[in-house]
Amino acid sequence: MDLQGKKIVLGLSGGVACYKAAELCRALIKQGASVQVVMTDAATHFIGPVTLQALSGNTVWLDQWDPRMPNNMAHIDLTRGADAVLVAPCSADFIRKLAHGVCDDLLSTLCLARPAGVPLLVAPAMNVEMWQNPATQRNVATLREDGIRIFGPAAGEQACGETGLGRMLEPEQLLEELIASFQHKILAGKRVLITAGPTFEAIDPVRGITNLSSGKMGYAIARAAREAGAEVTLVSGPTALSTPHGVRRIDVLSAQQMHDAVMAGVEGQHVFIAVAAVADWRVANASDQKLKKQEGGAAPQLEFVQNADILASVAATTSLSGWPYCVGFAAESENLVEYGAAKRERKGIPLLVGNIGHHTFGQDENSIVLFDEHGHTVLPRADKLTLARQLVSEIGKRLEQRSLLT
Ligand code: CTP
């Protein structure tokens, strides 16, 4: 649970997106947070406080004159000890209030009265014209200058029937943003390119050869790198996973397409992490038409040709600039420590992550071994996101050491 022990003040201002705030509240609780909901009068026109009270398990605060707080100072007490204040949805009017320090209801007063160390995070939600209006954009710029984090908004269909920027991010995306806000930004300003998932090598237009990689580890690393402040590009083979929020994803099928996408995007990258289970061979005599079986006929004879090694191709480019810092994966079936160390040397890369292939493919948990020039370190069994965060932190430390040396 990524928010275990965290105290979150969830503020709702007026907007149709209030219905998504109910789901968000539930998601925060599921991740272990305790949630204190504060609603503006406008928000209560869109969703009833009873719903938020039931979901958060706490009194919902609406009124700055509410006498239930023993000292009658809800605007002070609610943020003392809080880890973050998240306003979702944040209307155009509430953005205006935050930009100008207006205190005319409990939520706006509470935001102004929060201790300097309590982050204020806002998720705008409004009509596209309201969002694009220069007045709103001026206010948003002021919020950014004041260190207030803005999550979204997204583009798409709006409740009013118009289309464009202004939709509030989905609850799941806001949850990812909030969790990310608590992570150490060890890769701030860095660009990270990652391959993930299996590849698919065509036999004919409807058949092909693939493997059991689910992409879970590569996607978890993409998410962890983004949480750590990096700009992340994910080149992905076919998977059933949704793209981590804020990550740019390029979909490919074959090893050749993956190779081409990586080589086209590798320039300017600080880190390359090859997590994909890339097919070593492709079918040399793949058919343009579906192969037909003949009654009593012979089975098709497939011929194979070796695919380019993407990691080796990228590692070869680093000799010129020293970038990107290359991280490989090794899926072995036995002798992991011996084979992993040898594979790191053979691939000519500074860091290799070893795991037992059939223990990890498709699983939610894994244990990994890191190999570098000093030897190997075991990261014990954990869920893949936890391991991904540990790996990202290890990569960050090594980048820091490199910059100290150069
Ligand atoms: N890799 C790659 N391109 C390939 C094959 C592998 O980028 N065509 C990358 C994988 O993403 C992984 C690493 O190379 O990071 C190791 O892949 P692996 O298949 O374990 O190693 P091989 O070198 O293929 O050795 P072997 O199959 O003999 O174990």
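N72 is located in the loop between α2 (49–56) and α3 (74–77), where helices (H or I, at least four residues) and strands (E, at least two) are DSSP runs numbered from the N terminus. The phi angle of N72 is near 60°, a positive value in a residue other than glycine. The model is a predicted one, in which local features need pLDDT of at least 70, side-chain atom pairs count only at pLDDT 80 or more, and totals for chains, interfaces and linings use all residues. Residues are numbered from 1 along each chain as its sequence is written, and side-chain values use heavy atoms, with hydrogens and water left out.

Two cis peptide bonds may be considered next. One joins A88 and P89, with omega about 5°; P89 belongs to strand β3 (residues 84–90). Another joins W323 and P324, with omega about -10°, and P324 occurs in the loop between α11 and β16.

An unreviewed UniProt entry lists residues 6–180 as "domain: Flavoprotein"; such annotations may be inferred rather than shown by experiment, their positions follow the numbering used here, and feature names are shortened. Over residues 6–180 the chain is 39% helix and 20% strand, and the end C-alpha atoms lie 13 Å apart.

The ligand sits in the largest pocket. A pocket is found on a 1 Å grid over the protein atoms alone, as an open set of points where a 1.4 Å probe fits, with protein on both sides within 12 Å along at least five of seven lines; lining residues have an atom within 4 Å of a point. A molecule sits in a pocket if more than half of its atoms lie within 2 Å of its grid points.

Of the 15 residues around the ligand, A274, A276, F329, K343 and K347 come nearest (a residue is near if one of its heavy atoms lies within 4 Å). At least two shell residues are supplied by each of α11 (310–321), β16 (325–332) and α12 (336–347), and β16 gives the largest share, four residues.

Polar contacts are pairs of N or O atoms within 3.5 Å. A polar backbone atom of A276 is 2.7 Å from an oxygen atom of the ligand, and a side-chain N or O atom of K347 is 2.8 Å from a ligand oxygen atom. A backbone N or O atom of I310 lies 3.0 Å from a ligand nitrogen atom.

The UniProt annotation "binding site", from an unreviewed entry, covers D280, K290, F329, K343 and K347. From this set, D280, F329, K343 and K347 line the largest pocket. D280 itself is placed in the loop between β13 (271–274) and β14 (281–283).

Note on methods. Polar contact = N/O pair within 3.5 Å; in protein donor to acceptor, adjacent residues only side chain to side chain.
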